[in-house]
Amino acid sequence: MIENQRHHFAMPSDVHYLNCAYMSPLPDMVRAAMASGISAKAQPWNYKPADFFSVAEDFRASAARLFSTDADNIAIVPSVSYAMAIAAKNLPLARGQSVVLLADQFPSNLYVWRKKAAKAGARIVTVARDPLPGWTPAVLDAIGPDTAIAALPHNHWTDGGLLDLAAISAKCRSVGAALVLDLTQSLGALPFDLAAIQPDFAVSAGYKWMMSPYGTGALYIAPKYHDGAPIEQTWMGRAGSEDFARLTDYRDEYQPGARRFDMGEKSNPPLLMGAKAGIDMLLAWGVQAVSDTLAAKTTGIAQAAREIGLIADDIGTGCDGRAPHFLALRFPGGVPSGLTERLAAANVFVSLRGASLRVTPHVYNDEADSTALIAALSR
């Protein structure tokens, strides 16, 4: 269990922010790293050509550790939609085949597949969840011989409903389907076994559970796709681009590994230095320790919520229940009018997603935050 880390965040004691799935507050160390990056840009005469590459490689190395993979397998991306465009460009999809998605999936992992399916004459298979036993059995039933791609999260963004990615990956491999993952609502808060799951592509935007600035993200690309086509032809993606004196000695060869897929103008010191600092904090705490700590917080809130008549799911394992860092509270009589606005007036900040109140604490939350939430809901 991780001791309370509120002292690392610019969060007043009377602010009860239980909304990390919306956006993480930036830790002081991240803001300091971003300030260092701004200082570097403010004095470009001190910013050497080698710095364009070292800043990117430092971030790539930390992101690779979070994914438990080699740095060569990580591309630097600004968003999930950018990463999904790369995946869609490099995965085959033929007429009559299908792409498997979840019902009410986040749009960044949906629109690109709709477009690709329409162009190929393929179809979208949307998996609806049966509350019992959860998402996984329904996804496994949806994956069949005509499945080309399954594009999924680790847990659903609205209520934290958990998927057994190892089982789903095995089913994908058995039918020759590619597995594409959006881990934005899980990486950094939920252990992810890349070796066991073996996705083809897996991305996480940084501004939620990675505690990083907006506009930063990391994309895992399996080695078999490293010779694929990027969506941009960037000068830094080409071999030999470290030598600024020879940039017009144009090269057909790319940088090694997944670097050809990096976004243009990736070497933005404030963003990448800040994102690296956020990831490094998570690595120092340990993702399993973060997950265990958040499980205790959400379990305590769930129990207190049940005592005032609300409905809350238990933490799941494999395919049942919810992810430990998510809690969805439901109301027997429906969502009260103006609920989140009234909670915000009490300095309690959560999100309403569908018919559920989404509560997502982090290591900066303490008992006072949980108490304030339950007290406001009781009123």
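In the predicted model, strand β5 (residues 147-153) and strand β6 (residues 178-182) pair in the parallel sense over five bridges, with P153 standing opposite D182 in β6. Strands (E, at least two residues) and helices (H or I, at least four) are DSSP runs, numbered from the N terminus, and two strands are taken to pair if DSSP finds at least two bridges between them. Residues are numbered from 1 along each chain as its sequence is written. As the model is predicted, local features need pLDDT of at least 70 and side-chain atom pairs count only at pLDDT 80 or more, whereas totals for chains, interfaces and linings use all residues; side-chain values use heavy atoms, with hydrogens and water left out.

Strands β5 and β6 belong to an open sheet of seven strands with mixed pairing, in the order β2-β8-β7-β6-β5-β3-β4. Its edge strands, β2 (74-77) and β4 (123-127), each pair on one side only. Neighbouring strands of this sheet are turned by 20° against each other on average, direction ignored; axes are lines fitted to C-alpha atoms, for helices over the stretch in contact, and angles run from 0 to 180 degrees between N-to-C directions. Helix α5 (residues 135-142) packs on the sheet and touches β3 (98-102), β4 and β5, its direction making about 155° with that of β4. Contact means heavy atoms within 4.5 Å. Helix α6 (residues 165-175) also packs on the sheet, touching β5 and β6, at about 150° to the direction of β6.

An open sheet of four strands shows antiparallel pairing in the order β9-β10-β13-β12. The edge strands β9 (311-312) and β12 (351-353) each pair on one side only. Strands β10 (residues 327-330) and β13 (residues 356-359) are joined in the antiparallel sense over four bridges, and L357 in β13 is the bridge partner of L329. Helix α9 (residues 287-307) lies across β9, β10 and β13 and runs at about 5° to β10.
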